[in-house]
Amino acid sequence: MSTAMNFSTKTFKPRPPDKGSFPLDHFGECKDFKDQFMRCLRENHFDSGACRQDSKAYLECRMERQLMAKEPLEKLGFKDLGAQKSPGPHETTAP
Amino acid sequence: MMLWKKLSYLSSWTVYISNSRLPFLSAYCQYCTRGLSYLVCSGTLRASNNQLFCQRKSLQHVLSRVQGMKRGHNPFTKHQKEEWQKRNKTVLTYIAAAGVGMIGLSYAAVPLYRLYCQATGLGGTAVAGHSSDQIENMQPVKDRVLKVTFNADVHASLQWNFRPQQSEIYVVPGETALAFYKAKNPTNKPVIGISTYNIVPFEAGQYFNKIQCFCFEEQRLNPNEEVDMPVFFYIDPEFDTDPRMANVDTITLSYTFFEAKDGHKLSLPGYS
């Protein structure tokens, strides 16, 4: 991996994340959102595109509890999901 | 312009004679040779008192007024010599300028190459233009589904239980995706860890952009604490247009946690 003896070949240069590091969720405040997201992933055979509402909900939870810098969700690639707050893990969208 | 032709070499002097066809040739010598006498005078050439004499029978004709010649200072070729010297100086100046130019170019090549790498993205360097505007406006390439597998490693001296919460996830380029790792500190002492990551295959690493993750910063876990660690990333839509990536269907993201010791400074890329 990174300890391979490659003298003249290109080495992998890890890049820092664009928006920095997530603070750790020591108190599990967003654990429910995470569980809902993981459940959605398992139901949809790990298709990320099907679970974007839940990932949006998780990021919103983090933003509310000061575990992530607040940012408009369009800038995080959720433009097509609309600006409304997604329903939480125990709420269901009205039909 | 008179051109001077070398006629002969005497012991230490060179005789020049002009080809100007004038009956009165200007010769320039202190000594004469036999060859010169045949050429300019069918009699005998003699030099004396800085003058050339042509002796035919009893007549003595003064060919011309001859000036004494110092070695290397021929006033008839002085103009030519000056021209040559000027030409030499010009050529030398051009060569010196080219040399200085080459040295300057070798210094300028370093930032120029870096700019070129950023513009073309060769060698896996970061492609310029990773801004939030790009994330906002990028369009997902829905027909190219990629499998991202997750791997978690821990350094031998770190006693955490670190593992991914999903073994794989199917994403498309241009769409942001979320994934989770879980870490547990089973010891009864707080431990600080720091992680780095790796992407396989190597060329896909330039298209893998992490918006936010948990790497490169010290993460502290209290005794018997378990936390979820998210990774929020996307794959650049230009992945689909790169011919080298045409056969790539699986990307593996591998995180490794190390123990952060006090006073041990890691060289973190891009972090102060």
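Helices here are DSSP runs of H or I at least four residues long, numbered from the N terminus. With that in hand, the loop between α1 (31–43) and α2 (52–64) of chain A is where His45(A) turns up. The model is a predicted one, and in it His45(A) has a phi near 55 degrees, a positive value in a residue other than glycine. His45(A) counts as exposed because its relative accessibility is 63%, and the cut-off for exposed is over 50%.

Chain B has a positive phi of its own: Phe216(B), not a glycine either, sits at about 65 degrees. Its place is the loop between β12 and β13 of chain B. Phe216(B) has a relative accessible area of 3%, so it is buried. Then there is the peptide bond between Val200(B) and Pro201(B), which is cis, with omega about 0 degrees. Pro201(B) belongs to the loop between β11 and β12 of chain B. For context, most residues other than glycine have a negative phi, and most peptide bonds are trans.

Now for the interface. Chain A puts 40 residues in contact with 53 residues of chain B, and the two chains bury about 4200 Å² between them, with 57% of that on carbon and sulfur atoms. On the chain B side, the residues losing the most area to chain A are Glu136(B), Phe202(B) and Gln212(B), together 15% of what that side buries.

As for polar links, 19 residue pairs across the two chains are in polar contact, and there are two salt bridges. Lys34(A) and Asp228(B) form a salt bridge, with the closest N and O atoms 3.2 Å apart. Among the elements of chain B that touch chain A, β14(B) gives the most, six residues.

Conventions
Residues are numbered from 1 along each chain as its sequence is written. Chains are lettered from A and ligands numbered from 1 in the order in which they are written. This is a predicted model: local features need pLDDT of at least 70, side-chain atom pairs count only at pLDDT 80 or more; totals for chains, interfaces and linings use all residues. Side-chain values use heavy atoms; hydrogens and water are left out. Contact means heavy atoms within 4.5 Å. Buried area is the accessible area (1.4 Å probe) that two parts lose on being put together, summed over both. A salt bridge is a side-chain nitrogen of Lys or Arg within 4 Å of a carboxyl oxygen of Asp or Glu. A polar contact is a pair of N or O atoms within 3.5 Å; within protein, one must be able to donate a hydrogen and the other to accept it, and residues adjacent in sequence count only if both atoms are side-chain atoms. Helices (H or I, at least four residues) and strands (E, at least two) are DSSP runs, numbered from the N terminus. Buried means under 20% relative accessible area, exposed over 50%, partly exposed in between (1.4 Å probe, protein chains only).
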